[in-house]
Amino acid sequence: MLFIKGNREQGNGVSIVLANRAQARTTLEKLPLFTEKAYINGKWTEATSRKSFDIFGADKYSHEKIGSCPEMGEEDVVSAISSAQRAFKSFQHTHPKARAKLLRKWYNLMMQYRNELATILMYENGRPLSGALQEIDYAAAFLDWFAGEAERSYGYSAQGSIPGNRFVTVAQPVGVVGILTPWNFPSAMITRKIAGAIAAGCSVVIKPAAETPYSALALAKLAEQAGLPEGVMNIVTTNKNVSSVGKVMTTHDDVKKISFTGSTGVGKLLMQQASSTLKKCSFELGGNAPYIVFDDADLSLVMQGLLAGKFRGSGQTCVSPNRIYVQAGIYDKFIDTFKKETQAQIRPGPLENADTTLGCLITPKAVSKLTNLVADAQSKGAKVVLGGERAPDAAETFYPATILKDMTSNMEASNTELFGPVATIYRFEAEAEVIEAANRSPVGLAGYVYTQDVARAWRTAEALEVGMTGINTGIVSDPYAPFGGIKQSGFGREGGRHGIEEFQIQKTITMGGLGMPLTPL
């Protein structure tokens, strides 16, 4: 089946009606959580300039918009920061239990409006409804997790080196947090940052991706219903003014922390800007995940993890398997099995259909990138096992599930985050060889290893230069575990018990006057 520009597609003897943009717009307008206004100081507002920008659905084969949002500028983001700073003065003193109750109420509301949130995400992001529902569950889980962490944020006490002194440490909220999020997880990227910030007692200013602002705004509506005080959560939408708005957030004195998910290049720029005021930062940047399959691997587990990881969100995830290394002894069998499973389980089609598992890419530019990478690989010896070519009448943002074999390190795809449904397969002989190849990358976010040899699994997992390693599983993202990378994939962790610490400072309080000597032993 293929996405095409018209209203119907005939494939494999089945006629499929594709949703058009007019239908998407009509559906969105009926949803109570759908709004086209920004959110500052507890009020839904337009840009000071009164300008707006258009939003298009990710499968925009007809180039019809699904809505618009305020084109906010520097004046608007300064207003949002001032609002957040005023709110922080009181919110930082709220009891952790009160913040926990608020987060749990917000979580319950997300579950109550699960289908509505998934529908908004589906239309603006281009993810099939089944995948959108999965993201809403994942996003809500961060609210639930950090509700607990709000009450589990501890300091410690100790005897100092001076007999007459005692000291304790206390965790305090860092202050106003600037949050910049990408389009590929428009709900989960919001909640896994803001949940930790709220749990710690911080206020936030969020700039969601210009392609997908509606999910963030819908979450704000639910936060409002949950009782989040005005000014604690502010959302600034922009498209043309992304650079200037981002610069205000990274340089304003009242913003004490920047949390960013996006490309390594943009992360480096934001870090330079944030250094002017020495802000605390956490950056989750690009990846180039190795997926290592040894001869003794359980192929059923390999396929389960690979199909889920490679094609989730049409491959547009930072932990998606990017370089698939398969040991020589099972290379041919692996490719045959992978091709059959992909053909059976990866199904393009209308986003609303429950059995659709492959949607469109976010922009036509993303399709062009994949087209060029596949062509480069073929010119250097890679062979197409499946896909690799778009139909002449395919939608501008659709790229088919593609498998390439006989990949080599001199191909552009080896050194580029693919961000699409293209699986590239490399042959290897020995353990040392594959570890060296896997680590030959400036980034290090996630990696995967499949083997039934426990000793080899641990050796490989520890040797991979990544922040997260999955052993016999393709799932490394979980609210209960720290998420983040090393090298040029960034620093800081989101989720797990470390997640709340990213939004806190540790203060040491030393007490003397205890009637004991003040001379160090």
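A residue is called buried here when its relative accessible area is under 20%, exposed when that area is over 50%, and partly exposed in between. The model you are looking at is predicted, and a search of the whole structure finds 18 salt bridges, of which a few are visited below.

Begin by selecting K487 and E465, whose closest N and O atoms lie 2.9 Å apart in a salt bridge. The two residues are 22 residues apart and link distant parts of the chain, with K487 in strand β22 (residues 486-487) and E465 in the loop between α14 (454-463) and β21 (468-471). K487 has a relative accessibility of 34% and therefore counts as partly exposed, and E465, at 35%, is also classed as partly exposed.

Next, select K257 and E502, where the side chains meet in a salt bridge at 3.3 Å, N to O. This pair, too, joins distant parts of the chain, 245 residues apart: K257 belongs to strand β12 (residues 255-261), while E502 sits in the loop between β23 (490-491) and β24 (504-511).

Then move to R127 and E135, a salt bridge with an N to O distance of 2.8 Å between the side chains. R127 is buried at 5% relative accessible area, and E135 counts as buried at 2%.

Finally, select R192, K193, E284 and E494 together, which are linked in a network of salt bridges.

Note on methods: Residues numbered from 1 in each chain as written. Predicted model: local features only at pLDDT ≥ 70, side-chain atom pairs only at ≥ 80, totals over all residues. Heavy atoms only, no water. Salt bridge = Lys/Arg side-chain N within 4 Å of Asp/Glu carboxyl O. Buried < 20%, exposed > 50% of the residue type's maximum accessible area, 1.4 Å probe, protein only. Helix = DSSP H or I, 4+ residues; strand = E, 2+ residues; numbered from the N terminus.
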